[in-house]
Amino acid sequence: MSYEPPRPVRGLLLTPEDKEAPARVHRLRRLGLADRPDPALDAFAGHLAQLTGALYAMVNFIGEEHQFFAGLSAPATSPVVRDDGTRAGIGRVLPRDHGFCPHVVVRRKALVLEDVGDYPRFACNPVVDGYGIRSYLGAPLIDSSGMALGTVCAADTAPRAWGRQGLETIKALAADLVVRLERSREDGLPL
């Protein structure tokens with residue numbers, strides 16, 4: 001038996017419109033951050049996963065049609081087993097309407113979802129059933145020009161009490177990373 005998520009209510013925009021996407025893609029390309037994994041960002045994501053205790057942690061850059069995890073920390077084997085026995089592995093690319101990072105980028109504010117099921121707007125997102133995501137903690141990467149380039153985020157397959165400390169941690173890590181990204185990319189230095 002498979003579960004069909006409820007259809008969106010007419011007029012309810014589940015993934016927000018992103019008018020900055022074309023300019024963001026241009027900025028990411030100028031910084032050399034468009035659509036390629038970065039070992040230093042993978043290490044950053046690994047550090048974030050350790051700090052939060054989350055199964056998944058990402059440095060995510062949002063494009064016009066998709067999002068790209070330039071930094072990714074994920075378990076070697078997905079904890080989510082589908083009805084057909086396959087495991088739902090998280091790759092580096094997701095459609096823009098999957099997950100919660102596009103909301104963070106458009107809102108330009110951190111987002112804490114301790115239990116995704118408590119939020120009707122987010123509970124039927126494809127990552128909930130497809131990857132088993134039940135909690136999320138993310139903050140925008142806002143550069144010196146004021147543009148939100150993407151996010152730093154952590155996610156888990158169980159509800160998590162991220163609390164004020166989790167919120168402050170993710171915001172501080174995002175602010176630190178964006179400074180490091182700009183400095184390293186514009187000066188040609190490693191992260």
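I take buried to mean under 20% relative accessible area, exposed to mean over 50%, and partly exposed to mean in between, with a 1.4 Å probe and protein chains only. By that cut-off F122 counts as buried, at 9% relative accessibility.

**Ground rules**

I am working on a predicted model, where local features need pLDDT of at least 70, side-chain atom pairs count only at pLDDT 80 or more, and totals for chains, interfaces and linings use all residues. Residues are numbered from 1 along each chain as its sequence is written, and side-chain values use heavy atoms, with hydrogens and water left out.

**Entry: aromatic pairs**

I looked up ring pairs next (Phe, Tyr and the six-membered ring of Trp, centres within 6.5 Å; planes under 30 degrees apart are stacked, over 60 edge-to-face, the rest tilted). The structure has 2 aromatic pairs. In one of them, the ring centres of F100 and F122 are 5.5 Å apart and the planes stand at 90°, so I note it as edge-to-face. For the elements I use DSSP runs, numbered from the N terminus: helices are H or I with at least four residues, strands are E with at least two. F100 belongs to the loop between β3 (93-95) and α3 (101-107), and F122 to helix α4 (residues 120-123), so this pair ties together parts 22 residues apart in sequence.

I checked F100 as well: its relative accessibility is 2%, so F100 counts as buried. F100 also pairs with Y136, with centres 5.3 Å apart and planes at 65°, so that pair is edge-to-face too. Y136 lies in strand β5 (residues 135-142) and F100 in the β3 to α3 loop, so the contact joins parts 36 residues apart in sequence. Both F100 and Y136 are buried. I sketched F100, F122 and Y136 as a cluster linked by ring pairs.

P140 is in β5, and at 13% relative accessibility P140 counts as buried. I also took the C-alpha separation of P140 and P102, which is 9.6 Å for 38 residues along the chain.

Which strands pair with β5? Two strands pair if DSSP finds at least two bridges between them. Strand β4 (residues 111-113) is joined to β5 by 3 bridges and runs antiparallel to it, with L111 opposite G138. Strand β6 (residues 148-156) is joined to β5 by 8 bridges, again antiparallel; S135 has D156 as its bridge partner there. The hairpin of β5 and β6 has 5 residues between the strands, and G146 takes a positive phi near 95° in it.

**Entry: the cavity**

I ran through the cavity search (1 Å grid over the protein atoms alone; a cavity is a set of points where a 1.4 Å probe fits but cannot get out, and lining residues have an atom within 4 Å of a point). The search of the whole structure finds 1 cavity of 30 Å³ or more. The largest cavity holds about 140 Å³ of space, the volume being that filled by probe spheres set on the points, which are joined across faces, edges and corners. Its lining has 16 residues, and M58, F69, L94, G99 and V127 lie nearest the centre. The largest share of that lining, 3 residues, comes from β1.

Conventions
1 Å grid on protein atoms, 1.4 Å probe; cavity = no way out; pocket = protein on both sides within 12 Å on 5 of 7 lines; lining within 4 Å.
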